[in-house]
Amino acid sequence: MTTALYLEDLSPGQRFASASLELDADAIREFAARFDPQPFHLDDEAARSTLFGGLAASGWHTASLTMRLLVDSDFKPVGGMVGAGIDELRWPRPTRPGDRLSAEIEVLEITPSRSKPDRGMVRVLITTSNQQGETVQSCIGRILVWRRPA
């Protein structure tokens, strides 16, 4: 069992990895039909004639899967993973049917709050990769983390 992390347990350079999950074409189409209904996310044949050259998951689907991977990872801040923002969200290559995704969080910076001494902000690099180790999503996130009670 993973121990919940306080701000004092973290340091720049620490890395936390997730397990992996596999994405299939049906899940790509189902997400797209509800949230991003574009031909390259919905139809194999139509997707072949786009810059993707085949069915590709919505970036927002990849982001949602990344969140699932993070919640299930060893990065367990006390009180949950409370996001305070995302910077530099990038999708350098498409996520495809059959891709096995995993995520990694790297702690970049820790800033204790001056106005609220019971918490701080942690800047992290979140990288989602496929089974070949190719990055399919990266972003810089800000996560609120509680300080250890006195």
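Strand β5 is mostly covered, with nine of its twelve residues buried (under 20% relative accessible area, using a 1.4 Å probe and protein chains only). This is a predicted model: local features need pLDDT of at least 70, side-chain atom pairs count only at pLDDT 80 or more, and totals for chains, interfaces and linings use all residues. Residues are numbered from 1 along each chain as its sequence is written, and side-chain values use heavy atoms, without hydrogens and water.

Start with the partners of β5. Strands here are DSSP runs of E, at least two residues long; helices are runs of H or I, at least four long; both are numbered from the N terminus. Strands pair if DSSP finds at least two bridges between them. Eleven bridges join β4 to β5, and the two run antiparallel. Met-121 stands opposite Leu-144 of β5. Five residues separate β4 and β5 in a hairpin. In its turn, Gly-133 has a positive phi of about 80°. Strand β2 (residues 82-90) also runs antiparallel to β5, joined by six bridges. Here Asp-87 stands opposite Ile-140.

Now turn to helix α4. Its 13 residues, 59-71, should span 18 Å at 1.5 Å a residue, and the end C-alpha atoms are 18 Å apart, so the two agree. The expected span is 1.5 Å times one less than the number of residues. At the start of α4, a side-chain oxygen of Ser-58 comes to within 3.1 Å of the backbone nitrogen of Trp-60.

Which residues of α4 are buried? They are Gly-59, His-61, Thr-62, Leu-65, Thr-66, Leu-69 and Leu-70. An α-helix has 3.6 residues a turn, so residues three or four places apart point the same way. What covers the buried residues of α4 includes β5, along with β1, α1, β3 and β4.

How values were computed
Buried means under 20% relative accessible area, exposed over 50%, partly exposed in between (1.4 Å probe, protein chains only). Contact means heavy atoms within 4.5 Å. A polar contact is a pair of N or O atoms within 3.5 Å; within protein, one must be able to donate a hydrogen and the other to accept it, and residues adjacent in sequence count only if both atoms are side-chain atoms.
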